[in-house]
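Have the structure open as you read.

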Amino acid sequence: MDDPLLFEQRPHWWSDRRAGLTLGTIVVAALAGVVAMVVFVVVQGWPSFAHNGLSWFGGGGSVDQQIKAMFLSGETGGHYVYTFHAWPLIWSTVLIVGAAATLSLACSLFVAVFVVEFAPDWMKEILHPVVRLLASVPSVIYGLLGVLVLVPFIGNHVISQHAKASVSHIISLSGYSLVAGVLILTVMIAPLMISIFADGLRSVPRHWLEASQALGINRWRTFWKVGVRAARPAIVAGTVLATARGLGEAVMLAMVSGSVGFAPNPFDGTIFFFEPSRPLAPTIIQNIEGLSSPPLKHTLFAVASVLLVSAMALSLAGWAAKQPLKRYAAA
Amino acid sequence: MCWLLGILFCAIAGAIVLFMLVQGIRFLRPSLLVTSPTAGFSQSQTGGFLDPLIGTVVVSLLGLAIALPLGVTIAVWLTEYGRPFPLARATESTVEMLAGVPDIVLALFGLLIFSSPILGFLSRTSGHVVFGRSFFAAGAMLSLVALPLIVGSTREGLQSIPAHIREASLAVGKTRFATIRRVLLPTARPSVITGAMLGLGRIIGDTAIIVVLLGATLTLNQAGNTPVFSVLKGTGSTLTSFIYANAPTGEANQPNKAYAAAFVLLLVVLALNLCVDLIGRRTKVVSWSS
């Protein structure tokens, strides 16, 4: 037992002290990677902002023609053209994502309350996996359904020939429309919201609700005034996540929104809902072949950085909205 | 009101699933699964989707191979070490932010870094121009899509292990890292697997990164002659990009093929969900008595 080696073993190369440090280093490296991504994207997009100034966000001219001009100027190698006014794309994004998020927030809240509180037990058993499944269906399948079912339906049965003829000199109404984009996006993000809302509602302590009912308040009112309020952080979180998903949805919206750089005009009456447009994210995916042209590349990165900044702002806003609510939150 | 919307929701969900089922069975032929796609104008000429199927498997394995170790590392560090505190907070919010980053932005970023000359060995090159599109590039970026889910799920699993388990392990003389490796990670394995499955679902369902970074070519285009490496270096397609290309808005426009591929994709997602459910059920039985 005098042999010191029995107790003092040679330090292993993967010693305990190094473990924490190594793990920490990997984490820092991953963090740095993500930060580098944000910086890279913004830097690459900067020339486009620099050439256009604030009018980047404004309207004017046809976006599609501007993109085409940019692409050609890069291909010919002469003087680069950077003129780009993204308003139609931004307006389309705001309309489609905003409408879909609002619609789906309203519906999801009711459905989540139904799923958690009012549905009979056998229905809960079915609903829970169904919500989960729908939340994980790839967006391209929703897009396929939209483009093969909803769009032809709108084009053939909802829009009248008269309406089509009245605007045919500006734009063709074929069913690829604002309303198709909003509906499909709503169906796509609602399951996501429902599953997060339902988790939040389920974690509300049972005795809070029972206390309220013991005071003679009926079940419906109890759940809205106590349950839903206590679950507000989950509601904010779900809304933010679902909206971010909608904001970044490129493929599905490229399929159903019409892919025309056109700003739908609310003063057009009912035709407004059937006008085609194209949000920011699909713009990138549809012009991806143009990356070889430097001005268009910078412009696409500028669009990407706008998306990135909006997504970050969204999650920041969600975080800020959650702070005052945390005090009342169910654990 | 609740009943109405709840039933409406069920109806929509049921309609989607049933519709896909009917269309899938109508158009899916076993031969589609084993033939490669070819260019053509009619349904009979365009072949099947063997290559996209292989592409999906390759890309998800690659993405998971990167995301799983990285995600588990981050989760372990966050729950078991987590010091200095500001760094832990920053990591948390970065991972949270990563969950909200649009995949199209990730795709553009991926194209930027993988077409730099240093990483040229990971994709096809011609002269000094690096193509930047390969299974490597797509897998690396897709791992970022799966990362937040894996981190979140693993963390949840680790946090739900009571402190006395850790203390018991430390008390019998195990070091901190040995505790993590021998006690905590095996205990949290169901959560890790759940996270991996959820991440896999996201990877399989992603289209934007595939279209941009994998090239979405018809067949697997190998680059070079090394057996496995050349496939990974080359471009290809997955089921999602196959559906995108075969929708009426895409280049190929073969809706029946798109329906069949979508049905297969839906089955894969369904199977993943069932796995997650099974794991969830089994772990509920083994609960810690306090």
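Start in the middle: the largest nonpolar core has 186 residues, and Phe197(A), Ala304(A), Leu108(B), Ile243(B) and Ala262(B) touch the most other members. A core here is a set of buried Ala, Val, Leu, Ile, Met, Phe, Trp, Tyr and Cys residues joined through C-beta atoms within 7 Å; buried means 20 or more other C-beta atoms within 10 Å of a residue's own, with C-beta atoms placed from the backbone. Helix H7 (residues 178–202) of chain A brings the largest share of this core, 17 residues; helices are DSSP runs of H or I, at least four residues, numbered from the N terminus.

Before going on, this is a predicted model: local features need pLDDT of at least 70 and side-chain atom pairs 80 or more, while totals for chains, interfaces and linings use all residues. Residues are numbered from 1 along each chain as its sequence is written, with chains lettered from A and ligands numbered from 1 in the order written.

Chain A comes to 13 helices and zero strands. Its radius of gyration (over C-alpha atoms) is 26 Å, well over the 20 Å that the globule rule (2.2 Å times the number of residues to the power 0.38) gives for 331 residues, so chain A is more spread out than a compact globule.

Now for the partner: 61 residues of chain A are in contact (C-beta atoms within 7 Å) with 57 residues of chain B. H1(A) gives the most to chain A's side, 14 residues.

Notes
Buried ≥ 20, exposed ≤ 12 C-beta atoms within 10 Å, placed from the backbone. Helix = DSSP H or I, 4+ residues; strand = E, 2+ residues; numbered from the N terminus. Contact = placed C-beta atoms within 7 Å.
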